[in-house]
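User: I'm new to this one and would like to go through it slowly. Could you show it to me before I start asking?

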Amino acid sequence: MSVQWWRDAVIYQVYPKSFADADGDGVGDLPGITAHLDHLATLGVDAVWISPFYPSPQRDGGYDVADYRDVDPMFGTLADFDALIARAHELSLKVMVDIVPNHTSSAHPWFQAALASEPGSRARGRYLFRDGRGPNGDEPPNNWLAAFTGPSWTRVTEQDGRPGQWYLHLFDSSQPDLDWENPEVVEEFDAILRFWLDRGVDGFRVDVAIGMFKEDGLPDWDGSHWYSSDVEGPHPMWDRDRVHDIYRRWRRILDSYYPPRVMAGESAVPHPERLALYTRPDEMHQAMNFPFLWLRPVASEVAAVIDRTLATAGSAPSTWVLSNHDVRRPVTRFGSEDPWVHADRVTPTDRALGSRVALAMDALMLALPGSAYLYQGQELGLPDNDEIPDQARQDPVFLNSGGRVIGRDGCRVPMPWTPDGPTLGFNTTGDAWLPMPAEYGARSVAAQQGVPGSTLEVYRQLLRLRRARALGHGRLVRHASMEGDVVAYLNESANVRTLLLVNLGPSPVAIPAGAETLIRTDGGDGPLAGYSAGWFAVA
Ligand code: GLC
């Protein structure tokens, strides 16, 4: 594997609570991941990115970190982590871990110290504490809204029992934002990076990579909380120019290791031009392509995002992502009218349509040059679990909205490994932290393994062909057959030319003369069926 392995890597995201549970307590763990790494190796991915496994009250699925240099006992120990890395490297898999720099957990010793200290103290200075507005300071310092509903400020009680200052949290109130103007914060994260680098990690996924710096003076903002394509000019909370100083600093740390380690940003910006800034040569190696994740499966929109991404990516490889732990799974999303987790409850889904479109979009993504991200279970064609009873839901998106907004639990339920058993091979005790739907059994790894045409086998074949034909390194050009509901590109590398054809409409389309089938998601051999994709060798 080359030193620049990430340029065309397929990176598989593991959500540790739900991958595999070795100790049977109902929550996945690091030994469970280690025991199943061979699944990733036979699937044919290059790297695994593991969502947070650090000590955490789990108010936001571990993205509320109380100790950045340890493993939560629920997930195992640092020794288990070392064993995981060793096994992954034996299998030639790279390992990336999540780093959460925008906020800590409110259980973090720094925040606990801040609560116990005076306004203006050094301890408060690591966070964004401000006095309230209004005569008694009982109104929040500004009108910003939190991502998980409600104001982004919470008032504390001071040591003397009186209502006191307010602290900023762009997410849940249990996730206070750090003050990145404070050199102590900057230095602490340098040390955290080195801690994991010294343990052998190959890279980081940077959570909320567009956060960290806020507009000076924290002024009121009349727009919506979310950073969207409607926002012209700077946003007070997101994508401030100064975040790039941090990535330049971190890049120097990563480059001081050999082989150099990588970072990939959760860079949820809607403008590809702003996205490209994150991957300037002295910053990140990858910036996740959210415009691609947010796509509707409409041919003209898909082609437009692909073209614009490639035109703006600069020297960095593009990344492509269709699924993660924050969005409804593609099988559910592509079969639904109102597919977002922030939608008010769930609209009915057409599962058959969603499954076909999802696999076609997977085949599209894996034929594009650059790096692709997969989320656990995507290779099985899993849908969301929409049947989770309200009292079992755990996502703060659901809880803080009083159940109005469905949230992200549906895409986070445990992985099915076997067709039978109460937890379908997730563990042997039958406990699961979120309920698993019975239909997952038929989509389990064991049920699909070796079955021609199963989603898992199609995935394995796609990944084999992608590697054999060096698609990740190719040059992409539009193909003449691109029109109407069809997305068509040629991926050319050296003298290998691969035609990618994706039919996002209902009617079959003809295959260009002379194109030789490599793989098709419709399994057919005549015209390409509706909602299907194929890869073809062309002269
Ligand atoms: C990122 C994570 C998400 C988390 C949020 C706050 O968006 O992917 O799961 O809730 O950051 O840390």
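User: Thanks. Which pocket does the ligand take up?

Analyst: The ligand takes the space of the largest pocket, a pocket being, on a 1 Å grid over the protein atoms alone, an open set of points with protein on both sides within 12 Å along at least five of seven lines. Please keep in mind that this is a predicted model, in which local features need pLDDT of at least 70 and side-chain atom pairs count only at pLDDT 80 or more, while totals for chains, interfaces and linings use all residues. Residues are numbered from 1 along each chain as its sequence is written, and side-chain values use heavy atoms, with hydrogens and water left out.

User: How many residues surround the ligand?

Analyst: There are 14 residues around the ligand, and the closest are Asp60, Asp207, Glu266, His325 and Asp326, where a residue counts if one of its heavy atoms lies within 4 Å.

User: What about Asp207, how far is its side chain from a ligand oxygen?

Analyst: An N or O atom in the Asp207 side chain is 2.9 Å from an oxygen atom of the ligand. For Arg205, a side-chain N or O atom lies 3.0 Å from a ligand oxygen, and a polar side-chain atom of His103 is 2.9 Å from an oxygen atom of the ligand.

User: Switching topic, which domains is the chain divided into?

Analyst: The chain is divided into domain 1 (109-168), domain 2 (300-475) and domain 3 (476-537), with bounds from an automatic or database domain assignment. The C-alpha centres of domain 1 and domain 2 are 38 Å apart.

Terms used
A polar contact is a pair of N or O atoms within 3.5 Å; within protein, one must be able to donate a hydrogen and the other to accept it, and residues adjacent in sequence count only if both atoms are side-chain atoms. On a 1 Å grid over the protein atoms alone, a cavity is a set of points where a 1.4 Å probe fits but cannot get out, and a pocket is an open set with protein on both sides within 12 Å along at least five of seven lines; lining residues have an atom within 4 Å of a point. A molecule sits in a cavity or pocket if more than half of its atoms lie within 2 Å of its grid points.
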